[in-house]
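Have it open while you read, and jump between the points as you like.

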Amino acid sequence: MSKHPNSANNSEERIDTALRLFAHAQPPANFEQRIHARLYREPAYADKAFASKFGRFLYAQRIVFASAAAAVACCCAIVIGSVQHSRQRTFPATGVHVSAPGSGLGAASGARIAPQPVAVPEDAHSRSERKATGGRATVPRDTHKPKGVAVPESTQPQKP
Amino acid sequence: MSSLEAQVAGWFYTQPVLKTQEDVSEIITALVAEYSTTLYRVAYSVTRNSAEAEDIVQETFLRVLKHQNKLSDIRDTRVWLVRIAWNLALDRKRRSKTRPETEDIADLVRTLPSSELRADDEVISSQEHARVLALIDQLPAKERQALLLSALEELSTGEIAHICSTTESSIRSRIFRARRELAGLLTKERSSR
């Protein structure tokens, strides 16, 4: 195929020489700086930088933020509980004063509606029951008394 | 640790920030310093245009920035970057087929320091280089890729095999076939002159 004895070697050398061009290709001056400049110009890079800084700030101050959030939650709970409690305490109206509209009279002549009496439930009982009879404290005679303590004799109540 | 303590620890545990922006910037700066020249050579071997090769390298690092979350999963960064650059260069070459060729081979031959080329290399004119490279473009895609990547001293046969998603023996046979075919084309060209 090749007429020249060294043509095969010559071809190999030509191939190697051509390929060596790529192996020794040098990028232009300030190549890396231009790459960095292009990367920093990228909006995604700037956005991520801001997001990362914000995220890092949140992470560094996480205990402060958690404490503040807990304090705010406690305050909210106190305020809401207080408001709920005050709404539940409905005082009975001692006397509803209804003015007579259109009569030309003031509050003094308004109708006064007496409060409704509170109905006592059937099974209601007082908080404490007095056990003593007759309204007097009695000391049984066989009660052990220390020596030297004078106990007056109980007298029978006088009958009218 | 009691269950309550574990529960409390779970409430207050926050995921640590894996990579801050400074970390990513440092990683990318290191990648640029280490691989930019290799990537430039890869891109240049396809486009043969300095400006386009530089643009491709920049585009490659933009891709890295875009996929920075995957950086920790990448086993071989060099292979990954070269593959990105190669694909970008092929896309660019495909698109530029409609435009007139703007090859900088003559410029490259002129700018290469004399110590990097042997004396007989200097004798060969830039037109002859361009002719050989034009014949390389006529090779089948797989053989051409293997041949061009094998020209880069930074890449081993194993790495080229990873880039091409094949085996080392397959790469060796592709390089052998490419060189044989290229030698045949060169001989045919010489005999026709």
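**Notes on chains A and B**

1. Reading chain B from the N terminus, the order of elements is α-α-α-α-α-α-α-α-α-α. That is ten helices and zero strands, where helices (H or I, at least four residues) and strands (E, at least two) are DSSP runs numbered from the N terminus.

2. A word on ground rules: this is a predicted model, with local features needing pLDDT of at least 70 and side-chain atom pairs counting only at pLDDT 80 or more, while totals for chains, interfaces and linings use all residues. Residues are numbered from 1 along each chain as its sequence is written, chains are lettered from A and ligands numbered from 1 in the order in which they are written, and side-chain values use heavy atoms, leaving out hydrogens and water.

3. Of the 193 residues in chain B, 48% are buried; buried is under 20% relative accessible area, exposed is over 50%, and partly exposed is in between (1.4 Å probe, protein chains only). Chain B exposes about 10,400 Å², 52% of it from carbon and sulfur atoms (Shrake-Rupley method, 1.4 Å probe; for residues, only the protein chains shown count as cover).

4. Now contacts, meaning heavy atoms within 4.5 Å. Take those in chain B between residues at least 6 apart in sequence: 67% join residues at least 24 apart.

5. Have a look at B:Ala43 in helix α2 (residues 21-47) of chain B. B:Ala43 counts as buried because its relative accessibility is 0%. Not counting residues up to four places away in sequence, B:Ala43 touches B:Arg48, B:Ala53, B:Ile56 and B:Ala89. Its C-alpha atom is 8.8 Å from that of B:Val82, 39 residues apart along the chain.

6. B:Ser45 is also in helix α2 of chain B, and with a relative accessible area of 0% it is buried. A polar atom of the B:Ser45 side chain lies 2.6 Å from the backbone oxygen of B:Val42. What does B:Ser45 touch, leaving aside its neighbours within four places in sequence? The contacts are A:Phe22, B:Trp86 and B:Leu148.

7. Over on chain A, A:Phe54, A:Phe57, A:Leu58 and A:Phe65 make a nonpolar surface patch of about 390 Å². Helix α3 (residues 43-60) of chain A gives the largest share, three residues. A:Phe65 sits in helix α4 (residues 62-88) of chain A, and counts as partly exposed because its relative accessibility is 39%. Patch residues have over 30% relative accessible area and no salt bridge; like charges are joined within 9 Å, nonpolar side chains (Val, Leu, Ile, Met, Phe, Trp, Tyr) within 5 Å. A salt bridge puts a side-chain nitrogen of Lys or Arg within 4 Å of a carboxyl oxygen of Asp or Glu.

How values were computed:
A polar contact is a pair of N or O atoms within 3.5 Å; within protein, one must be able to donate a hydrogen and the other to accept it, and residues adjacent in sequence count only if both atoms are side-chain atoms.
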